[in-house]
Amino acid sequence: ATPTALMVGTGRGAKMGILIKNGEVLEDVNDVTTVVFDKTGTITKGKPEVTDIIGDEKQVLTIAAALEESSEHPLAAAILDKAQAEQIQAATVSNFQAIEGKGVSATINQQQAFVGNDKLLNEIKIDSELNKQMIRLQDEAKTVVFVGVDQRIVGLIAIQDAPKETSKEAIATLKARGLRTVMLTGDNERVAKAIAQDVGIDEVIADVLPGDKADHVEALQKAGKVAFVGDGINDAPALTMADVGIAMGSGTDIAIESGGIVLMKNDLRDVAKALELSKKTFNRIK
Ligand code: ADP
Ligand code: MG
């Protein structure tokens, strides 16, 4: 009788846009105590927009757009959109390099240029005025990237990625069921906390390098079974490590392959529905 229950459960899920890819995840769903979320594209819309530019806007955008043309990061798309709207002609670059979790760099006119967060700056000092601006913008839940040439910061760009309309309700539902909620992100701690507070997530683990997400999931598993919800290339190992991996249907192919459950509507409220459906299905199979 068990395969029938599984088919009924997965069929019902498919109608709701919840794909249960394998029956294995069902065994663990009953015992999940913690739900861990990626930020960008999972809690937020994943459509970042440039909101503020500090410094000479034209100069900052000319350099930033030139570098970001070779990047596939969502932040790059936001910067390129803004440059296009301002009719900025991007300079030509060579020696492009993406530095994981930090930013990008390349050569423009024989000078080394960069766009990225403070971790990319190394020994370059941020003056106190710029530092003040950075903190203000991050507290507004905006991601800040510095733009520089030749070891000198020429300005910064603030980029905002708003939470999806349903994220707050989704988190409230999970918390009402007694689940612990955690955000796991490569973004800055101040930005992450501002967004976490916005949607009601209790715990934040920020500044996580892409390769380290799975390790954090493993550490959280010491306290109980963990569901991980994500969408990016860098989320794939965490989706595999988690007891229940839940991928966004809008996510990268590798994330979708790594998840045991896929949310086709990209609505975070479907996390609670997926857990509930899996529980019911599993209890019928037993
Ligand atoms: P997330 O978990 O939010 O997807 P990532 O690991 O992809 O984070 O990136 C972390 C941080 O690295 C970004 O918030 C940004 O500060 C910096 N970064 C990464 N790629 C770029 C880029 N192409 N341009 C500017 N900054 C970048
Ligand atoms: Mg993401």
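I count two residues as in contact if their C-beta atoms, placed from the backbone, lie within 7 Å.

I am working on a predicted model, where local features need pLDDT of at least 70, side-chain atom pairs count only at pLDDT 80 or more, and totals for chains, interfaces and linings use all residues. Residues are numbered from 1 along each chain as its sequence is written, while chains are lettered from A and ligands numbered from 1 in the order in which they are written.

I take helices (H or I, at least four residues) and strands (E, at least two) as DSSP runs, numbered from the N terminus. I call a residue buried if 20 or more other C-beta atoms lie within 10 Å of its own, exposed if 12 or fewer, and partly exposed in between, with C-beta atoms placed from the backbone.

**Entry: D161 and T40**

I started at D161, in the loop between β8 (152-160) and α7. Which residues does D161 touch, not counting those up to four places away in sequence? I found T40, T44, K45, G46, K47 and P48. D161 is buried, because 23 other C-beta atoms lie within 10 Å. I also looked up D161 and I195: they are 34 residues apart in sequence and 9.4 Å apart in space, C-alpha to C-alpha.

Then I turned to T40. T40 sits in the loop between β2 (32-37) and β3 (49-55). Is T40 buried or exposed? It has 24 C-beta neighbours inside 10 Å, so T40 counts as buried. Leaving out residues up to four places away in sequence, T40 touches G46, P74 and D161. T40 and D161 are 121 residues apart in sequence, and 7.5 Å separates their C-alpha atoms.

**Entry: ligand 1**

I listed the shell next, with a residue near a molecule or strand if its C-beta atom, placed from the backbone, lies within 6 Å of it. Ligand 1 is surrounded by 22 residues, and the closest are S71, H73, G103, N117 and G186. Which elements give two or more residues to this shell? They are α4 (74-85), β5 (103-108), β6 (111-116) and β7 (142-149).

For residue classes, Ala, Val, Leu, Ile, Met, Phe, Trp, Tyr, Cys and Pro count as nonpolar, Asp, Glu, Lys and Arg as charged, and the others, Gly among them, as polar. The shell around ligand 1 divides into six nonpolar, twelve polar and four charged residues.

**Entry: cores**

I define a nonpolar core as a set of buried Ala, Val, Leu, Ile, Met, Phe, Trp, Tyr and Cys residues joined through C-beta atoms within 7 Å. The largest has 50 residues, and V36, M183, A227, F228, I246 and V271 have the most contacts inside it. I followed F228: beyond four places in sequence, it touches V36, V217, A238, L239, A242, G245 and I246. A second, separate core has 31 residues, including I54, V60, A76 and V144.

**Entry: helix pairs**

My axes are lines fitted to C-alpha atoms, for helices over the stretch in contact, and angles run from 0 to 180 degrees between N-to-C directions. Helix α6 (residues 128-139) packs on helix α8 (residues 189-199) at about 25°, with axes 8 Å apart. So α6 is roughly parallel to α8, a label for angles under 35 degrees, where over 145 is roughly antiparallel, 65 to 115 roughly perpendicular and the rest oblique. I135, Q138 and D139 in α6 meet R190, V191 and A194 in α8. The residues of this contact are three nonpolar, one polar and two charged.

L137 is also in α6. L137 is buried, because 22 other C-beta atoms lie within 10 Å. Its contacts beyond four places in sequence are D52, K142, V144 and A158.

I checked helix α7 (residues 167-176) and helix α12 (residues 269-285) too: their axes come within 7 Å and cross at roughly 35°. Here E169, A170, T173 and L174 in α7 meet R269, V271 and A272 in α12. I logged four nonpolar, one polar and two charged residues in this contact.

**Entry: positive phi**

Most residues other than glycine have a negative phi. I noted N95, with phi near 55°, in strand β4 (residues 94-99). N95 has 9 C-beta neighbours inside 10 Å, so it counts as exposed. A141 has phi near 65° and lies in the loop between α6 and β7. With 22 C-beta neighbours inside 10 Å, A141 counts as buried.
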